[in-house]
Amino acid sequence: MQYQWYPGHMAKAKKQMLEDLKLIDVLVELVDARIPVSSKNPDIEKMAANKSRVILLNKTDMADDRITDRWVKYFEDKGYFVVKVNSRSGAGINKVKDVILKACEEKIKKDREKGILFRPVRAMICGIPNVGKSTFINSLAGKSCTKTGNKPGVTKGKQWIRLNKNIELLDTPGILWPKFDDVFTGKKIAFIGSINDDILISSEMAADLIGFLYEKYPDYIKNYYGIEFTNDNFKNLELIALKRGCLKKGGTADIDRASRLLVDDFRSVKLGKISLETPEEF
Ligand code: G4P
């Protein structure tokens with residue numbers, strides 16, 4: 001199965017972002033703490049090469065804490081300002097304003113030298129679909145000023161948000177890129193729900209997911225489902241189906257239902273806090 005999703009509205013949004021980059025001082029990129037490199041858009045990397053950069057590791061409540069801490073160092077070593085956040089609970093959010101201003105220190109200093117004292121810094125907020133941009137902005141701005149939703153790509157249109165007298169935010173639509181570098185990137189992006197699930201065959205994705213989980217966190221899934229896993233991912237789905245009573249008429253395993261169950265269990269953190277990649281792999 002091909003893991004790819006680049007509908008026309010994303011190509012259009014990318015063009016608009018290129019234009020808008022001229023207006024901003026700092027790029028604030030949300031990535032998913034479970035897959036910080038795979039959820040980081042390489043197109044944005046190229047477009048914003050000369051801007052100050054802040055990376056927000058979002059959904060830290062879903063990721064393996066020890067690995068998240070290593071990711072902080074990984075990005076700091078590359079010159080990014082980094083904040084760990086949980087946009088849903090608000091944890092880490094109060095650090096973000098200070099970090100945005102810190103990332104723009106140079107710019108603010110230059111403005112002052114030119115006698116410009118009260119110009120707010122402008123930050124563009126970007127990230128792939130479903131990474132949590134709307135939730136993050138709502139949490140940061142303290143009111144429901146953007147629309148959030150459970151479908152990837154729901155954030156539409158251009159929105160400036162004045163945070164306070166020092167910072168203005170530009171929200172952007174969640175975009176992916178035309179071709180993933182390798183098949184694992186696409187898979188991981190699908191697992192976290194950033195590719196429209198409607199275009200994926202759920203049993204194939206679930207089989208891939210169980211392969212990944214079994215390789216990285218064998219004890220978590222063995223303990224959670226209470227079964228002995230095999231080397232065959234589809235067989236493992238069948239075992240889950242039988243154990244969990246996902247059965248078709250006649251008592252055979254309902255692989256589609258077991259697939260949805262597994263993906264939901266992973267996405268709702270029932271299997272535990274799981275990171276799907278580590279800095280050492282990059
Ligand atoms: P987007 O604008 O980038 O597309 O993402 P959005 O804010 O709509 O968030 C997508 C889903 O991720 C939402 O869940 C949201 O609650 C959840 N989310 C965002 N940040 C975090 C976080 O730090 N931790 C956790 N655990 N979840 C987060 P949903 O189930 O699709 O919607 P809802 O039921 O929460 O409204």
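Colleague: Which backbone has a polar atom 2.9 Å from an oxygen atom of the ligand?
Modeller: That's Gly132: a polar atom of its backbone sits 2.9 Å from a ligand oxygen. Keep in mind that this is a predicted model.
Colleague: And how much of the ligand does the protein bury?
Modeller: The protein buries 79% of the 710 Å² that the ligand exposes when taken alone.
Colleague: OK, what about side chains, then? Which ones have a polar atom 3.1 Å from a ligand oxygen?
Modeller: Asn58 has a polar side-chain atom 3.1 Å from an oxygen atom of the ligand. Asn86 also has an N or O atom in its side chain 3.1 Å from a ligand oxygen.
Colleague: How many residues surround the ligand?
Modeller: There are 16 residues around the ligand, and the closest are Asp61, Ser87, Lys133, Ser134 and Thr135.
Colleague: What classes do the shell residues fall into?
Modeller: The shell has 10 polar residues, 4 charged ones and 2 nonpolar ones.
Colleague: Which helix gives the most to that shell?
Modeller: Helix α6, which covers residues 133-141, gives the most, with 3 residues.
Colleague: Switching topic to helix packing. At what angle do α8 and α9 pack?
Modeller: Helix α8 (residues 202-216) packs against helix α9 (residues 218-225) at about 115°, and their axes are 5 Å apart. That angle makes α8 roughly perpendicular to α9.
Colleague: Which residues make the contact?
Modeller: On α8 you have Ile210, Leu213, Tyr214, Glu215 and Lys216, and on α9 Pro218, Ile221 and Lys222. By class, this contact of α8 with α9 has 5 nonpolar residues, 3 charged ones and no polar ones.
Colleague: And how do α7 and α8 cross?
Modeller: Helix α7 (residues 183-191) crosses α8 at roughly 100°, with the axes coming within 10 Å. So α7 and α8 are roughly perpendicular to each other.
Colleague: Who's touching whom there?
Modeller: From α7 it's Phe184, Lys187, Lys188, Ala190 and Phe191, and from α8 it's Met205, Asp208, Leu209 and Phe212. The contact of α7 with α8 has 6 nonpolar and 3 charged residues, with no polar ones.

Technical notes. Residues are numbered from 1 along each chain as its sequence is written. This is a predicted model: local features need pLDDT of at least 70, side-chain atom pairs count only at pLDDT 80 or more; totals for chains, interfaces and linings use all residues. Side-chain values use heavy atoms; hydrogens and water are left out. A residue is near a molecule or strand if one of its heavy atoms lies within 4 Å of it. A polar contact is a pair of N or O atoms within 3.5 Å; within protein, one must be able to donate a hydrogen and the other to accept it, and residues adjacent in sequence count only if both atoms are side-chain atoms. Accessible areas come from the Shrake-Rupley method with a 1.4 Å probe; for residues, only the protein chains shown count as cover. Helices (H or I, at least four residues) and strands (E, at least two) are DSSP runs, numbered from the N terminus. Ala, Val, Leu, Ile, Met, Phe, Trp, Tyr, Cys and Pro count as nonpolar, Asp, Glu, Lys and Arg as charged, and the others, Gly among them, as polar. Axes are lines fitted to C-alpha atoms, for helices over the stretch in contact, and angles run from 0 to 180 degrees between N-to-C directions. Angles under 35 degrees count as roughly parallel, over 145 as roughly antiparallel, 65 to 115 as roughly perpendicular and the rest as oblique. Contact means heavy atoms within 4.5 Å.
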